[in-house]
Amino acid sequence: MSPLVSIQGLSVAFNGVPVLRGVDIALGKGEALGLVGESGSGKSVTWLAALGLLPRHARVSGSVRLDGRELLGAPATELDRVRGGRVAMIFQDPASALNPVLTIRKQLCEALALHRDLQGEAVKAEAKRLLDLVGIPDAARRLSAYPHEFSGGQVQRIMIAMALAGNPDVLIADEPTTALDATIQAQILELLSTIRREMSMAMVLISHDLGVVAENCDRVAVMYAGRIVEQAPSNQLFADPVHPYAQGLIGALPPLDGPRRRLTAIPGTVPDPAHMPGGCAFAPRCALAEEACGLGAPSLAPIANDRTVACIRAEASRRALLGIAAE
Amino acid sequence: MSPPLVEVSGISRSYAMRSGMFGRSTAVHAVDGVSLAIAKGETLGLVGESGSGKSTTGRIVLGLEPPDRGEVRFDGKPMATPGTAAWRAQRARMQMIFQDPLGALDRRLPVATQIREPLDIHGLGSSAEREDRVRELLRAVELTPAHGARYPGALSGGQRQRIVLARALATKPDFLVCDEPVSALDVSIQAQVVNLLCDLQVQLSLTLLFISHDLRVVRQISNVVAVMYLGRIVEIGSADDLFARPEHPYTQALVSASPAPGRRSAGRIVLAGDPPNPAARPQGCAFHPRCPRAIARCASEVPVLSAVGGDRQVACHLVTGPRVERRDAA
């Protein structure tokens, strides 16, 4: 089956400083893919670049295909049909994504008019249906309210409703619950997974929170310094991470039950994109690093069914993994 | 157990809020009858969602804000009147760390100068001794004197938070209030700072009030945890036990809402509704409109925090007596 979205060798540089250094992602129909990594790892830039949403001074190269059609360098008219239509995006800060001086109806209807062939009453009916769908109580009356009249969780629901206006095939959710309280986060994540199932929509969930990604995605890609370092089905990644960085991220997470242990912090900090170390970008912080790690950047290589890792020191654990799989 | 270093009894604080330009002003009860005791060398974790009053509690405990009612005692004595010499001496023994290290640092001063400032203010040691102390503090937070010469803008988020920590420790305080100290940091850096805080606490026998919305971090660092909802403590108990066996329906929802790798969301308690507005506090138990187990009594009668066995205290009509009578089948 050919993937719905296929990103190959995507690279981005701002003012000559590379921030994305060759990213490959394949997203299947209806699949939920998680993208984790720390700030500056390129999780958001990947999708902003794919949709042509980066400022003009960003140099983007590589290939992004949606159903086989190239999006990079595509004419604006074609991109306009893709963005918000086939691929929708929601962001961390929902309050700043809505216009404070327009009613919710006006903003929802605008999205509907752009992406659907609906007129007059049909638009309003559809707007109400969307608000009902995302669980805003008393939708008919609330349509004439302004953004400030809703709570943070409700505003994120409205953003989801707007994203659904074009009946997208893919929803890119960039830290959709980071600004929300824990109990509201649980509500929004449940809403997203229900909608995804009902509309058989693919979803890319970008988050720094490993728990959020683990619970809501089929497959997870871990990013570090502008590259994907490990990719695996989420249950396998969290049970048995192979890349030292992925291991470090999971070890750094305090457990919520069982005995307390000292956290295994990753020493040092993320490298400055302008002064990237030669070879593997993680090597300066890696406990397993050897001389060869500084020579060339490792590329993603398969280690098992549906699992890839970019680490030359993963060889040992890779053999062990394949050995277990063969038995 | 040693006597408590910090004892908070029945503190309340409300603010006047006006709705609209000509609206009637209403009282918002940010903190309502909170009592806590923190033993010497221990950490009390305070968790809750935004608007639960956890930060206001921290500010009152530090004396940054007077309580409307109730009292804070530090080392057995009531807090001194602000501005007096006694207050100054007391304040040197208690310090604070906030979430945003960049906002807490002056961008135009080298960080070593900022670490030295509390020593200058409280007149501690000679000039040479102060220099030595700054170097010692930088070492304590695992930084070098070279870092001290830099400006905040030239440091990473984790390094900045270490500088804020070093500055807070300059006066050798006994008590530290940490308000979301690691929430703005990435996971791997967060672990570094949490480990450092744990180490320093043991080395310097610090007493901590650790405020955070992150249950994992709170559990990692706390001996005792208090859960707040709309200005009141709804449950308090020892950290491991509280997260393993939460009794209050709100704590149960909070623990269940915390995502865990390797667990799919099946069986999660998802609360309906939004956290209510502190200005429109529901009658009875403030949690009852969202509570999946609420009964008629919850809407009219405010539950009081009472012991339910062990060191656990819960404010809920449905959780009473020793823990054998628990109603949930979990």
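Leave out neighbours within four places in sequence, and A:I160 is in contact (heavy atoms within 4.5 Å) with A:I90, A:V134, A:I188, A:L191, A:L192 and A:I195. The model is predicted: local features need pLDDT of at least 70, side-chain atom pairs count only at pLDDT 80 or more, and totals for chains, interfaces and linings use all residues. Residues are numbered from 1 along each chain as its sequence is written, chains are lettered from A and ligands numbered from 1 in the order in which they are written, and side-chain values use heavy atoms, with hydrogens and water left out.

A:I160 also belongs to the largest nonpolar core, which has 124 residues. Such a core is a set of buried Ala, Val, Leu, Ile, Met, Phe, Trp, Tyr and Cys residues joined through side-chain atoms within 4.5 Å. Buried means under 20% relative accessible area, exposed over 50%, and partly exposed in between (1.4 Å probe, protein chains only). The residues with the most contacts inside this core are A:L131, A:V134, A:I160, B:L165 and B:L176. Helix α8 of chain B (residues 187-204) gives the most to it, with nine residues. Helices here are DSSP runs (H or I, at least four residues), as are strands (E, at least two), numbered from the N terminus. Another core, of 35 residues, lies apart; A:V45, A:A58, A:V170 and A:V204 are among its members. In soluble globular proteins, nonpolar side chains tend to be buried together.

Now take a helix pair in chain A. The axes of α5 (residues 121-133) and α7 (residues 152-164) come within 9 Å and cross at roughly 130°. Axes are lines fitted to C-alpha atoms, for helices over the stretch in contact, and angles run from 0 to 180 degrees between N-to-C directions. Angles under 35 degrees count as roughly parallel, over 145 as roughly antiparallel, 65 to 115 as roughly perpendicular and the rest as oblique. α5(A) and α7(A) are therefore oblique to each other. A:L130, A:L131 and A:L133 of α5(A) meet A:I158, A:A161 and A:L164 of α7(A). That contact divides into six nonpolar residues, no polar and no charged. Ala, Val, Leu, Ile, Met, Phe, Trp, Tyr, Cys and Pro count as nonpolar, Asp, Glu, Lys and Arg as charged, and the others, Gly among them, as polar.

Helix α5 of chain A also holds A:A127. At 0% relative accessibility, A:A127 is buried. Residues up to four places away aside, A:A127 touches A:L108, A:C109, A:L112 and A:L143.

The axes of α7(B) (residues 157-169) and α8(B) come within 10 Å and cross at roughly 15°. That makes α7(B) roughly parallel to α8(B). From α7(B), the contact takes B:G158, B:Q161, B:R162, B:L165 and B:L169; from α8(B), B:I189, B:Q192, B:V193, B:L196, B:L197, B:L200 and B:L204. Eight of these residues are nonpolar, three polar and one charged.

Finish with backbone angles in two loops. Most residues other than glycine have a negative phi. A:N15 has a positive phi, near 50°. A:N15 is found in the loop between β1 (5-14) and β2 (17-27) of chain A, and is exposed at 64% relative accessible area. A:D306 is not a glycine either, yet its phi is positive, about 65°. A:D306 is found between β11 (301-304) and β12 (307-309) of chain A, and is exposed with a relative accessible area of 53%.
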